[in-house]
Amino acid sequence: MSFAKALRCRECAREYTLSPNHVCEYCFGPLEVVYDYDAMAKAVSRRSIEQGPYSVWRYRDLLPCEGDPVDLNAGFTPLIRAQNLGKALGLPNLYLKNDCVNPTWSFKDRVVTVASTKAREFGFKTLACASTGNLANAVSAHAARAGMEAFVFVPSDLEAGKLLGSKIYGANLVAVDGSYDDVNRLCAELGDKYHWAFVNINVRPYYSEGSKTMGYEIAEQLGWRAPDHCIVPLASGSLFGKIYKGLQELTKLGLIEEKRTRMSGCQAAGCSPIVTAYEAGTLNFRPVRPNTIAKSLAIGNPADGYYTLKIIAETEGVGAAVSDPELVDGIKLLAETEGIFAETAGGVTIAGLKRLVEQGKVHPDETVVACITGGGLKTQEAVADAVPPALQVKPTVESFEAALLERFGAKKPVPEPAS
Amino acid sequence: MAKLRVKFTFPPERIQEPIIWEVGKRFDLITNIRRADVTAEVAWAVLELEGDQKDIDDGVRWVTEEKGIRVDPVEDSIIEG
């Protein structure tokens, strides 16, 4: 059962009943789910969680849903000890939270399984979103599983290849003849007019709670302890804040010991309003027009930007913004050391972590968890030119060995005698 | 009468201009500010515009195109990757 008791405004603290509502009527601030933690603490234990399914739903008592979930088995992704990457970066206690392996290959499955479950509880028959990629895929897949309709809104100039990952599930794709800002405004208006669950609009308070599960899992998989330092890519800032909330909740419930986990964020330099504000020492960010290949992080006016900056300051976290070439190198470094092919956001995280280590802002004695939020096949074009072409050979040993010599020179592999 | 909830974000060079007063006067709109933060470097206001739908549309267009003010839904960026 859920221990959610109300929606509360993050700005003025006014409370509202649990309903598909996302904006405070008084100050127009964002609403957040609040829980009865005393009652929750009586029902939840490490053992009760450990006996749950290997998905986000092992934490169902900490989530705001009541009934059967719309469940594609999102979450409980691997937490990997990154010995090779750690050696390359000088971090002996580095872990990677690998959300590439979710059902639609990104962490968005966490938030959408919660949003779609809650939407169904509220009686919605249609899920909707505005998205250029991961969110659209997650919404489309979960709608298919739930037997709900799905409408996905995109700018009309989006590459066709990116749309297949949503259309294949039977979603209705709406190509809007306008800018990203136009899509934003249209969806805000449609959310008011149609009785559809826009997952990151009218059910946003529930949607965002799904991200807490990444924090829960990190702590559980580290042996019920919080890391010293979390490195998280920043788009709206919602994932960042909810990982922190997840760690705080586990502490409040007595499931982990209190620890100040440093929360640090990474962005692409072509869309870095939060990191720019952090570097300027202010909590007020200035919105930007995104210009980066890291499309999944290209949010120029991050809804949780202020809250992210507050958490960075409170936890003595840091921020880094990396160039597009650097993030491509980050993708390659992760793949070549740990065998994980991440999308551009993952490259931002790894390149940002590398920069922060070089700056002395991430310490070798820290237990560091870097969050890899999505798989690389969805952003192949970002690295297509960054990997060497195949060796072209004729079907002869001579041709192959000539190609080896040309590619590797003196370091070419040599045949080994059969043992 | 229609209503629209928006967030205005002002570039530094416009912070001292009475844009909210002016859009209300020009387009016969009721402007109801709910939250705002104005400093020397950054200024934003969350407000509700109330009036005829056409006047709201024209007013938002004037604020963005003539005055260079960023206008977002009160939910900020909705489209996600």
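In strand β3 of chain B, B:L47 is the bridge partner of B:V6. This pair belongs to the antiparallel pairing of strand β1 (residues 2–10) with strand β3 (residues 43–51) of chain B, which runs over nine bridges; two strands pair if DSSP finds at least two bridges between them. Helices (H or I, at least four residues) and strands (E, at least two) are DSSP runs, numbered from the N terminus.

The model is predicted: local features need pLDDT of at least 70 and side-chain atom pairs count only at pLDDT 80 or more, while totals for chains, interfaces and linings use all residues. Residues are numbered from 1 along each chain as its sequence is written, and chains are lettered from A and ligands numbered from 1 in the order in which they are written.

**Sheet of chain B**

- The open sheet of chain B has four strands in the order β2-β3-β1-β4, with antiparallel pairing.
- Its edge strands, each pairing on one side only, are β2 (30–38) and β4 (70–73) of chain B.
- On average, neighbouring strands of this sheet are turned by 25° against each other, direction ignored; axes are lines fitted to C-alpha atoms, for helices over the stretch in contact, and angles run from 0 to 180 degrees between N-to-C directions.
- Helix α1 (residues 19–27) of chain B packs on the sheet and touches β2 and β3 of chain B, its direction making about 165° with that of β2(B). Contact requires that the C-beta atoms of two residues, placed from the backbone, lie within 7 Å.

**Residue B:A2**

- B:A2 lies in strand β1 of chain B.
- B:A2 is partly exposed because 13 other C-beta atoms lie within 10 Å; a residue is buried with 20 or more other C-beta atoms within 10 Å of its own, exposed with 12 or fewer, and partly exposed in between, with C-beta atoms placed from the backbone.
- Leaving aside neighbours within four places in sequence, B:A2 contacts B:G51, B:D52, B:Q53 and B:I56.
- A distance of 12 Å separates the C-alpha atoms of B:A2 and B:T31, which are 29 residues apart along the chain.

**Interface between the chains**

- In chain B, 19 residues are in contact with 34 residues of chain A.
- Strands β1, β2 and β4 of chain B each supply at least two residues of the side that touches chain A.
- That side of chain B has six nonpolar, four polar and nine charged residues. Here Ala, Val, Leu, Ile, Met, Phe, Trp, Tyr, Cys and Pro count as nonpolar, Asp, Glu, Lys and Arg as charged, and the others, Gly among them, as polar.

**Largest nonpolar core**

- The largest nonpolar core has 147 residues, of which A:A115, A:V139, A:A197, A:V199, A:L297 and A:A370 touch the most other members. Such a core is a set of buried Ala, Val, Leu, Ile, Met, Phe, Trp, Tyr and Cys residues joined through C-beta atoms within 7 Å.
- Helix α5 (residues 134–146) of chain A gives the largest share of this core, seven residues.
- Not counting residues up to four places away in sequence, A:A370 touches A:L94, A:L96, A:I231, A:T349, A:I350 and A:L353.

**Elements of chain A**

- Helix α9 (residues 212–221) of chain A is mostly covered, with nine of its ten residues buried.
- Just after α9(A), A:G223 takes a positive phi of about 90°.
- Strand β1 (residues 4–9) of chain A pairs with strand β3 (residues 31–35) of chain A in the antiparallel sense over five bridges, and A:Y35 in β3(A) is the bridge partner of A:A4.
- β1(A) and β2(A) form a hairpin with five residues between them, and A:A13 in the turn has a positive phi of about 70°.
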